[in-house]
Amino acid sequence: MFSWIKVAKQLSENGVLGMNDRNYSVIAKYNKRSLYTLVDDKVKTKKLANNININTPRMIGIIEHQYEVDNLLKIVEGYQTFVIKPAHGSGGKGVLVIKNYDGEKFYSAAGEVLTFKDVYQHVSNTLSGLFSLGGRYDVALIEETVNFSDVFKNFSYHGIPDVRVIVYKGYPAMVMMRLATKESDGKANLHQGGVGVGLDVKTGETLRAVLHNKPVTIHPDTGANLMDLKVPYWREHLLIGALAYDMTGLGYLGADIVSDKNRGPMMLEINARPGLAIQIANGKGLKTRLKEIDETYPTGLSAEERVDYVLNK
Amino acid sequence: MTIKNLFSVRKVLSYLLILSIIYASYRIYYKVKYWGFSISPKEVTDVWKIDARVSFRPISDKVHVVLSVPNENENFNILSEDIIANGYTVKQDRKNNQIIFDGKDKEGKQTLYYRLNIYEDIKNNKLNKNKPTNPERPILSEEEQLQMRQIWDLAQSHEGDKVQKIIAVINQEITNPSISLVLPVTHTAKDVAEKIIQILAYKRIPARIVRVIKLEEGKKTEKPDIKLEAYINNSWNLYDLNTGKIGLPKKWVIFQRGGVSLLDVRGGENSTVMFSVMKSVATPMKMAEYRAKANNRLGNYQYSIYTLPLLEQNTLKWLMIFPLAILVVVLLRNVIGVSTMGTFTPMLLSMSLVKTGFLPGLICFSIMIFLGLLMRALVAKLNLLLVPRISFVVIFVILLIQGLTVVGYRLDSSLVSSAIFFPIIITAWIIERASITWEEEGARNTIKEIFNTLLTAIVTYFVISNDYVRHIMFAFNELNIVIMFIVMLLGTYTGYRLTEITRFASLVKKDA
């Protein structure tokens with residue numbers, strides 16, 4: 001009991017943000033409920049993002065109604081590879097990545113061979129709300145796959161590595177990269193066994209990496225030295241985060257960014273209640289950072305200026 | 001401290017919490033004191049039924065019967081009185097504590113009943129504390145005066161107050177000539193009491209005879225016991241005629257005070273009064289109305305939930321336990337940090353466990369979840385749409401409940417038949433969610449989630465199934481207001497959850 005209190009005290013001294021504190025002191029305060037709809041719907045988010053020149057995967061089409069599911073083949077005609085995702089999904093739920101479509105069979109990124117019936121079923125599940133928050137009716141979004149950059153080739157097992165930027169009041173506050181492992185089954189969520197790599201906000205270089213809350217230095221499946229990781233186009237990553245603030249008005253958000261071989265960093269989605277695992281990946285408390293931004297960072301700067309401020313700090 | 005600080009959400013809620021605690025404490029005190037509510041659910045109040053049966057044989061056309069009855073007592077309150085006297089006009093004389101029966105043209109053996117239901121009470125009824133006028137010194141002969149003086153002289157060597165001294169003298173020095181002279185060899189308690197009153201009157205101390213009945217189950221007696229009351233040190237004290245002990249012992253009830261006889265029958269002969277005592281028990285809650293009435297707090301009581309019909313009361317009793325269950329869930333989720341399936345699912349499960357009993361419910365629930373998951377896994381292959389699929393699970397659960405209940409009934413096993421008490425929709429959703437979690441996040445996470453949900457339900461169950469807790473939450477329902485503010489205050493709790501302490505353990509400074 002006393003050791004718990006001691007640990008809690010130390011965590012507090014290290015500025016670690018707890019779930020209750022995040023909900024009460026940050027989200028409730030800086031994220032207006034009415035703004036959630038902007039990020040809950042990926043189609044909407046994509047449109048908004050394109051308006052202010054944030055790069056996102058190109059949309060191939062959307063399926064809104066059950067009767068439109070039959071059009072699926074027509075929509076993806078000419079595409080060898082594409083992604084189907086629920087517009088209201090979260091945490092990568094219901095995302096189906098088709099790596100190869102030969103006009104008959106669909107080969108998923110997870111290594112499955114699917115028939116049209118399987119894919120049809122997936123879309124129809126999506127529409128009926130299986131993957132959306134609260135099970136409400138959803139829309140299936142079909143977009144181009146990301147040709148993920150070779151830079152990260154050895155750092156991720158199967159799935160696409162993504163960069164999560166926590167943006168507080170428009171300033172990139174903390175960043176991590178999430179790498180898929182064999183265990184995480186192509187997904188990059190940390191609680192499912194993904195590797196979290198804390199990145200230096202100023203440089204995009206590895207601070208430390210964790211697997212299941214424990215520090216690691218090499219990727220468990222590929223053996224890549226995680227300490228060598230350096231994200232290219234770093235400024236662009238931060239800029240996407242800063243712009244996401246301008247676009248949504250959310251004081252506390254998490255922008256998920258992937259790197260495309262040809263198109264550079266692209267925003268996949270914005271999260272209005274980003275989790276706290278990023279602190280473990282960084283080995284640092286988030287509260288200290290938020291406080292720093294609250295107290296010393298100037299207000300009224302443009303997104304570009306904010307990014308430069310962070311980079312030159 | 002600025003004004004703004006003083007009125008922060010947390011502060012205001014704290015003030016309200018404190019106020020609600022004060023209010024609840026006052027109400028608890030009030031209910032215990034004036035309504036007789038008890039903290040323990042097992043406590044019962046003894047209700048004594050005293051029957052006084054008066055019988056006599058009339059010898060003239062007009063019969064006039066006067067029976068002395070109790071109306072004020074130290075340890076008891078009157079629950080109800082009942083008089084059975086067919087063909088008599090009955091008059092209650094409250095001032096002299098008498099019941100007067102008048103009859104005309106009666107023949108044969110007459111029987112009148114006076115029934116009294118009394119219960120022990122916490123509060124003390126105010127006794128007649130009026131200062132009496134001191135009695136006149138009795139007119140005595142020379143010889144008698146000498147006896148009196150001798151008795152008072154003898155009394156000096158005994159312990160206690162004046163009355164106790166005299167009682168001691170009478171009892172212990174019975175062979176002393178001055179005593180044996182005033183008391184006949186064969187004497188009744190009444191004789192003794194009357195003599196003592198006389199002796200006390202010599203010193204102008206007011207005293208009177210008190211007739212008391214000891215409450216013993218099944219007791220039948222023709223004669224109440226006699227005690228003595230004397231006015232000493234500015235108050236009336238009751239004395240035992242044998243020991244001189246002051247005060248009325250528990251389970252004794254004063255039937256009549258003063259010298260008048262207990263029963264007075266004019267126009268009749270062979271009159272007797274037979275007392276019989278019977279005991280029954282009632283819960284304090286059943287007695288509350290009488291207590292409230294006796295304490296002049298009836299108006300307040302009538303607007304409480306305890307005057308509702310029993311059916312409504314039982315429903316409310318069931319509802320009253322919800323806030324506590326909610327509090328447990330809030331604590332487990334926001335302070336401990338247990339993640340469960342659905343916010344109130346564990347609470348509803350615990351409610352079912354209360355109805356089914358712990359082990360049978362748990363086993364039955366596990367069977368249902370297991371079979372449900374099995375069925376759901378088979379159906380997954382059919383690729384049904386979401387709403388029809390969950391509907392299928394709901395129907396399957398209903399069929400499962402039906403089957404288990406029948407099987408349980410046939411096997412006479414409460415283990416299986418308790419299925420009927422589980423909420424269908426909740427059970428169905430648990431199955432559906434568990435199966436999706438299984439597909440997406442693997443068996444480990446699913447089992448962990450089910451385990452967490454059950455754990456929360458079990459903890460909640462143990463809190464709400466406790467007899468004391470349920471009784472207290474119902475009897476002192478103001479506590480729900482306290483719980484409401486605690487829950488609201490927890491809504492501002494920004495400290496770490498207990499599970500976060502292990503989750504973030506790696507963020508503790510290593511050098512610390």
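Mentor: The domain assignment divides chain A into domain 1 (15–40 + 149–312) and domain 2 (58–144). Please keep in mind that this is a predicted model.

Trainee: What distance separates the centres of domain 1 and domain 2 of chain A?

Mentor: The centres, taken over C-alpha atoms, are 27 Å apart. As for contacts, 6 residues of domain 1 of chain A meet 5 residues of domain 2 of chain A.

Trainee: How many nonpolar residues are on the side of domain 1 of chain A that touches domain 2 of chain A?

Mentor: That side has no nonpolar residues; by class there are 3 polar and 3 charged residues.

Trainee: Sheets next. What is the strand order of the open sheet of 7 strands in chain A?

Mentor: The order is 11-10-9-8-7-12-13, and the pairing is antiparallel. Strand 11 (214–216) and strand 13 (264–271) of chain A are the edge strands, each pairing on one side only. On average, neighbouring strands of this sheet are turned by 30 degrees against each other, direction ignored.

Trainee: And how many bridges are there between strand 8 and strand 9 of chain A?

Mentor: Strand 8 (residues 171–179) and strand 9 (residues 195–199) of chain A pair over 5 bridges in the antiparallel sense. Within that pair, Val175(A) stands opposite Leu199(A) of strand 9.

Trainee: Changing topic: how many residues of chain A are in contact with chain B?

Mentor: There are 28 residues of chain A in contact with 24 residues of chain B. On the side of chain A that touches chain B, helix 1 (2–13), helix 2 (19–30), helix 6 (116–127) and helix 8 (277–282) of chain A each supply at least two residues. By class, the residues of that side of chain A are 9 nonpolar, 16 polar and 3 charged.

Trainee: On to chain B. How many helices and strands does chain B have?

Mentor: Chain B has 18 helices and 13 strands. Its radius of gyration is 36 Å, well over the 24 Å that the globule rule gives for 512 residues, so chain B is more spread out than a compact globule. The C-alpha trace of chain B spans about 115 × 70 × 45 Å along its principal axes.

Trainee: Into which domains is chain B divided?

Mentor: Chain B is divided into domain 1 (13–42 + 285–307) and domain 2 (313–506). Taken over C-alpha atoms, the centres of these two domains of chain B are separated by 33 Å.

Trainee: How many residues of each are in contact, domain 1 with domain 2 of chain B?

Mentor: The contact involves 18 residues of domain 1 and 18 residues of domain 2 of chain B. Helix 2 (residues 9–34) of chain B gives the most to the domain 1 side, with 11 residues. The residues on that side of domain 1 of chain B divide into 13 nonpolar, 3 polar and 2 charged.

Trainee: What about helix 12 and helix 15 of chain B: at what angle do they pack?

Mentor: Helix 12 (residues 358–380) and helix 15 (residues 424–464) of chain B pack at about 170 degrees, and their axes are 12 Å apart. That angle makes helix 12 of chain B roughly antiparallel to helix 15 of chain B.

Trainee: Which residues meet there?

Mentor: Those of helix 12 of chain B include Phe358(B), Met368(B), Ile369(B) and Leu373(B), and those of helix 15 of chain B include Ile430(B), Ile431(B), Ala434(B) and Tyr461(B). The residues of this contact divide into 11 nonpolar, 3 polar and 2 charged.

Trainee: Which strands of chain B does strand 6 pair with?

Mentor: Among them are strand 1 (residues 45–58) of chain B, joined antiparallel to strand 6 (residues 110–120) by 10 bridges, and strand 3 (residues 76–84) of chain B, joined antiparallel to strand 6 by 8 bridges. Arg53(B) has Tyr113(B) of strand 6 as its bridge partner, while Asn77(B) stands opposite Tyr119(B) of strand 6.

Trainee: Lastly, what is the order of the open sheet of 4 strands in chain B?

Mentor: The order is 10-9-7-11, with antiparallel pairing. Strand 10 (235–239) and strand 11 (252–257) of chain B are the edge strands. From one strand to the next, the twist averages 35 degrees. Helix 6 (residues 189–202) of chain B packs on this sheet, touching strand 7 and strand 9 of chain B, and its direction makes about 10 degrees with that of strand 9.

How values were computed. Residues are numbered from 1 along each chain as its sequence is written. Chains are lettered from A and ligands numbered from 1 in the order in which they are written. This is a predicted model: local features need pLDDT of at least 70, side-chain atom pairs count only at pLDDT 80 or more; totals for chains, interfaces and linings use all residues. Two strands pair if DSSP finds at least two bridges between them. Axes are lines fitted to C-alpha atoms, for helices over the stretch in contact, and angles run from 0 to 180 degrees between N-to-C directions. Two residues are in contact if their C-beta atoms, placed from the backbone, lie within 7 Å. Ala, Val, Leu, Ile, Met, Phe, Trp, Tyr, Cys and Pro count as nonpolar, Asp, Glu, Lys and Arg as charged, and the others, Gly among them, as polar. Angles under 35 degrees count as roughly parallel, over 145 as roughly antiparallel, 65 to 115 as roughly perpendicular and the rest as oblique. Domain bounds come from an automatic or database domain assignment. The radius of gyration is taken over C-alpha atoms; the globule rule is 2.2 Å times the number of residues to the power 0.38.
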